[in-house]
Amino acid sequence: MSTPIRTDAAMWSHMLTLYAHVETRLATALQRRHGLGLSEYRALVFLDDAPDNELRMQELAARLGLNQSSVTRLVARLNSADLTYRDLCPEDKRGAYTVLTDAGRARYRQARPTYDETLTAALAEAAEADPAVAEFLSAARRSF
């Protein structure tokens, strides 16, 4: 009989395998079709959803799960592509916002169907290859 710890470890291993499969498929599709890295796409998602289409750099870093230097490099790429721009916080001149441009919004909206379709296809592939993943996905979908 397996212990809850071993069961959790096996479950986590399956989830990591699923995650790696999906992330690879998403990254490849977004780069090939839209010239966007996965973190860049997700930054555009968060900015599109944010009030006034802007987030403080620290908040964007937290949402993306990146450290400060990584998010700074990511935002520099987005700024260079005119997808975002930097704006100083009026209350705290040390604080900076990343703001989504119209071009950034358009690129995000062009890329969103690719992301959605690729995600669905990658999950279906994983479910077809592994009954445990199929069961997990089915239960997760029911909970949403």
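A residue is called buried when its relative accessible area is under 20%, exposed when it is over 50%, and partly exposed in between, using a 1.4 Å probe and protein chains only. The model on your screen is predicted, so local features need pLDDT of at least 70 and side-chain atom pairs count only at pLDDT 80 or more, while totals for chains, interfaces and linings use all residues. Residues are numbered from 1 along each chain as its sequence is written, and side-chain values use heavy atoms, with hydrogens and water left out.

Begin by selecting arginine 33, which belongs to helix H1 (residues 4-34); helices (H or I, at least four residues) and strands (E, at least two) are DSSP runs, numbered from the N terminus. Arginine 33 counts as exposed because its relative accessibility is 53%. Leaving aside neighbours within four places in sequence, arginine 33 is in contact with Thr114 and Thr118, where contact means heavy atoms within 4.5 Å.

Next, select glutamate 40 in helix H2. Is this residue buried or exposed? Glutamate 40 is buried, because its relative accessible area is 12%, and, apart from neighbours within four places in sequence, it is in contact with Gly35, Leu74, Arg77 and Leu78.

Now move to tyrosine 41, which, not counting residues up to four places away in sequence, touches Leu30, Leu36, Tyr108, Ala111, Arg112 and Tyr115. Tyrosine 41 is also among the residues that touch the most other members of the largest nonpolar core, which has 32 residues; such a core is a set of buried Ala, Val, Leu, Ile, Met, Phe, Trp, Tyr and Cys residues joined through side-chain atoms within 4.5 Å. The elements giving two or more residues to this core include H1, helix H2 (38-49), E3 and H6.

Then colour strand E3 (residues 96-100), where five of five residues are buried. In a regular strand the side chains alternate between the two faces of the sheet. In E3, Ala96, Thr98 and Leu100 lie on one side and Tyr97 and Val99 on the other, and all are buried.

Finally, show the partners of E3, remembering that two strands pair if DSSP finds at least two bridges between them. Strand E1 (residues 54-56) pairs with E3 in the antiparallel sense over three bridges, and glutamate 54 has valine 99 as its bridge partner. Strand E2 (residues 84-88) runs antiparallel to E3 and is joined to it by five bridges, with arginine 86 partnered by threonine 98.
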